[in-house]
Amino acid sequence: MPHRVAVLALDGVLPLDLGIPARVFNEACEPDGTRLYSVTTCSLGGRPVRTHEDFRIVVDHDESALETADTVVIATQEPSRELLATGELPDDVAAALHRIGPQARIVSLCTSAFLLAAAGLLDGRRATTHWALCDAMARLFPKVEVDPNVLFVDNGRILTSAGGAAGIDLCLHLVRRDHGAAVASAAARRCVVAPWREGGQAQFIEHPVPPDTDRSTSATRQWALDRLAEPLTLEDLARHANMSVRTFTRRFRNEVGTSPLKWLAQRRLEHARLLLETTDLPVSRIATACGFGDPVALRKHFSAYLGMSPLAYRRAHNAPAATRG
């Protein structure tokens with residue numbers, strides 16, 4: 001049975017953000033094309049929803065869909081004046097959230113984190129929202145540890161994301177968590193988006209899709225991806241880009257939103273996850289193939305970013321024992 005996702009649309013919803021869960025989850029498929037998720041969009045009472053723009057939308061389901069969902073996503077809704085003033089939910093919204101099953105994952109996109117905070121679901125937890133409202137959220141809900149410097153926060157059952165494209169990153173993160181890097185990367189390719197932006201990456205990114213010009217670092221990034229097994233240094237990358245280390249680092253951060261070496265470590269980790277899922281290569285060979293050098297370094301990165309060892313990750317994602325690469 002597909003994993004059931006219910007997306008709750010409330011008045012004031014941002015149309016772009018409302019479409020993100022269905023767009024991403026519906027692209028997560030088995031090799032034969034069978035969808036791994038079923039996505040249902042609902043509203044309070046099944047009524048038409050007034051969006052943040054100049055139109056309304058009609059949905060086919062009411063909030064009872066929340067009761068049977070495995071994952072509930074609350075699409076971006078800008079907090080109302082009343083919520084910002086009182087920190088309290090309207091009765092109908094509170095009643096709808098109360099219908100969510102005790103085992104269901106709960107995901108907020110962007111400023112819908114205010115709704116989770118008002119419901120008490122974020123008390124004692126780390127969370128994020130759009131950077132422009134992080135200070136307001138921290139003042140209104142002092143029991144929430146608000147982090148303005150990340151794309152999303154995964155607390156296990158409760159997940160929150162920053163604005164806009166960070167919702168795509170969070171949905172892809174869930175696909176990756178549920179079904180592994182290969183399925184998530186395939187879904188990302190179908191959506192024509194980046195396959196992985198780490199949750200801890202800063203929200204302040206000047207050029208998410210940098211232009212491929214002579215002054216861009218894009219060619220060097222591709223060059224590095226083709227040589228992940230090699231012990232590349234910052235000086236190697238800058239030399240390939242024909243720039244000084246200082247200039248290369250500055251331009252790289254402006255284009256990608258993180259440092260060159262952190263980006264390289266993320267790409268190596270992503271490749272290691274793929275090899276663990278799809279091959280039976282020993283961990284030592286995977287560490288070498290991905291440029292970590294030895295299994296100790298690979299385990300260190302897995303523990304820091306994923307909270308598990310490479311072998312535990314392989315067991316969790318059912319890598320086929322007969323596949324060799």
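Q: What share of the 325 residues in the protein is buried?
A: Buried residues make up 50% of the 325. Buried means under 20% relative accessible area, exposed over 50%, and partly exposed in between (1.4 Å probe, protein chains only). This is a predicted model: local features need pLDDT of at least 70, side-chain atom pairs count only at pLDDT 80 or more, and totals for chains, interfaces and linings use all residues. Residues are numbered from 1 along each chain as its sequence is written, and side-chain values use heavy atoms, without hydrogens and water.

Q: What makes β7 and β11 a pair?
A: Two strands pair if DSSP finds at least two bridges between them. Strands are DSSP runs of E, at least two residues; helices are runs of H or I, at least four; both are numbered from the N terminus. β7 (residues 105-108) and β11 (residues 158-161) have three bridges, in the parallel sense. Serine 108 stands opposite threonine 160 in β11.

Q: Why is arginine 268 said to have no salt bridge?
A: A salt bridge needs a side-chain nitrogen of Lys or Arg within 4 Å of a carboxyl oxygen of Asp or Glu. For arginine 268, which is buried, the nearest side chain of opposite charge is glutamate 230, 7.8 Å away. Lys and Arg count as positive, Asp and Glu as negative; His and the chain ends are not counted. Arginine 268 lies in helix α11 (residues 260-278).
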